[in-house]
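Reader: I would like to learn how to read the features of a model like this one. Please take them one at a time, with the general idea before the case.

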Amino acid sequence: MIISALKSSHDSDLRSPIHIDTVNTLTNLGAEIFFEEGIGNGINVGDDIFEQSGLKKHSRENCLKKGDLIITNQPLEDAELKLIRSDSTLLGMVSPFSNHSLIQSCANFRINLVSMEFIPRITRAQKMDVLSSQANLAGYVAVIESAKHLSTALPMMMTAAGTLKPARVFVIGVGVAGLQAIATAKRLGARVEAFDTRDVVEEQVNSLGAKFVKIDLGETGETEQGYAKELTEEQINKQKELQSKVCERSDIVITTAQLFGKPAPLLIDKKTIDRMMPGSVIFDMAVESGGNVEGSEIDKVVKRNGVKIIGISNLASKVSNHASLALSNNYNNWISDFYDKDNLIINFDFDDEVIKSSVLVHNGEIKNQEFLK
Ligand code: NAD
């Protein structure tokens, strides 16, 4: 079997879908590996290093034409899908919610499509969970970027020139990204508070040494997969009102609230921003999926009344080397679990929960149609 790894085409997405430290996992499967020229540019790994590890450099076109399994960090356009042989498999991060046409095209061209965004949240599949591996790094980056924009230091410092108070950080949404943001801010010495509509996370917040802000919104809860349930308009308004007091006293507010497959909820409005201290920072981690903060813009720092509102796309790519390493481990784990070494094919066993959830197209047929509704 030939595995082709494609370079990410956007400058902002510098993660390679293979990492030099992980290529042995693939070569040990007995697969031949092609990579697109320049694939490691964003992670400071030259083509020659990949070649020394036994991988073969090819043009993008050749990678598409020859690969039995094609790994990508981005969805492909029809013009490129047409180059892929039917019955080959495309695996990676393919933005399925905003890309129904890709799914239809893969079915039309009889290309099997594996969406790594749809890895189920079960213990066995944690090693393949791309959303978590990238959200974790994004949470770290959000704190580092916010700290850069603050005019104070994060830790308390008792100096001869006086005592400098620690910065106060408020994290809204305590999923994977939020937990890492809390841990990073704590390590840097900030005083951290956090809130989530899923009250099960209170214990996790406390265990990181942060304080859970209690806001009673009535019935909230989570889905079977552990995602938050959408709040009613009344609940959102109540949340905005009650959390604004915490925003007012915070130097950094980091919002991470997401709803799987839906636009992110708007949680901080202009009224709240206007009550915050000049010089404080709001980092909107949901800016790409609609935004948690009124007025936030992708890849911009917007100023309102002296408050900086930051939105950065593709956060994990700011630590592209680690992002690539984690991603390629996620991809390799999927491939290793389902590659049948004896018959040199991928074993699409739809009785397996991971296959059932992550394979969106097989043999020209659209599978897992739940999310298309
Ligand atoms: P996510 O990215 O979907 O959302 C981020 C956070 O925002 C979530 O914690 C969510 O509850 C919160 N949120 C939504 N609306 C909100 C609101 N109005 N106000 C405040 N917060 C709001 O979440 P995620 O990072 O994917 O994680 C969700 C849960 O799944 C976490 O508890 C995580 O630990 C768990 N998880 C489990 C597995 C597994 O078992 N394999 C893998 C990954 C994550």
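Author: Helices (H or I, at least four residues) and strands (E, at least two) are DSSP runs, numbered from the N terminus. This is a predicted model, in which local features need pLDDT of at least 70 and side-chain atom pairs count only at pLDDT 80 or more, while totals for chains, interfaces and linings use all residues. Residues are numbered from 1 along each chain as its sequence is written, and side-chain values use heavy atoms, with hydrogens and water left out.

Reader: Is E145 buried or exposed?

Author: Buried means under 20% relative accessible area, exposed over 50%, and partly exposed in between (1.4 Å probe, protein chains only). E145 has 11% relative accessibility and therefore counts as buried.

Reader: Which residues is E145 in contact with?

Author: Contact means heavy atoms within 4.5 Å. With neighbours within four places in sequence left aside, E145 is in contact with F283, I312 and K318.

Reader: And which side chain makes a polar contact with that of E145?

Author: A polar contact is a pair of N or O atoms within 3.5 Å; within protein, one must be able to donate a hydrogen and the other to accept it, and residues adjacent in sequence count only if both atoms are side-chain atoms. The side chain of E145 has such a contact, of 3.1 Å, with the side chain of K148.

Reader: What about A135, which is also listed for helix 6?

Author: A135 lies in helix 6 and is partly exposed, at a relative accessible area of 22%. Not counting residues up to four places away in sequence, A135 touches V176 and A177.

Reader: Which residues come nearest to the ligand?

Author: A residue is near a molecule or strand if one of its heavy atoms lies within 4 Å of it. There are 22 residues around the ligand, and R121, V176, D196, R198 and Q239 come nearest. V176 is also one of the residues that A135 touches.

Reader: How is the shell around the ligand divided by residue type?

Author: Ala, Val, Leu, Ile, Met, Phe, Trp, Tyr, Cys and Pro count as nonpolar, Asp, Glu, Lys and Arg as charged, and the others, Gly among them, as polar. The shell has nine nonpolar, nine polar and four charged residues.

Reader: Which atom of R121 lies 2.6 Å from a ligand oxygen?

Author: In R121 that is a polar side-chain atom. For D196, an N or O atom of the side chain is 2.6 Å from an oxygen atom of the ligand. G175 uses its backbone: an N or O atom there lies 3.1 Å from a ligand oxygen. On its own the ligand has 840 Å² of accessible area, and the protein covers 85% of it. Such areas come from the Shrake-Rupley method with a 1.4 Å probe; for residues, only the protein chains shown count as cover.

Reader: Now the sheets. What is the strand order in the sheet of seven strands?

Author: Two strands pair if DSSP finds at least two bridges between them. The seven strands form an open, mixed sheet in the order 11-10-9-12-13-15-14. Strand 11 (211-212) and strand 14 (300-304) each have a single partner strand, so one side of each is left without a neighbour in the sheet. Inside the order, strand 9 (residues 168-172) and strand 12 (residues 252-255) run parallel, joined by four bridges. F170 stands opposite V253 in strand 12.
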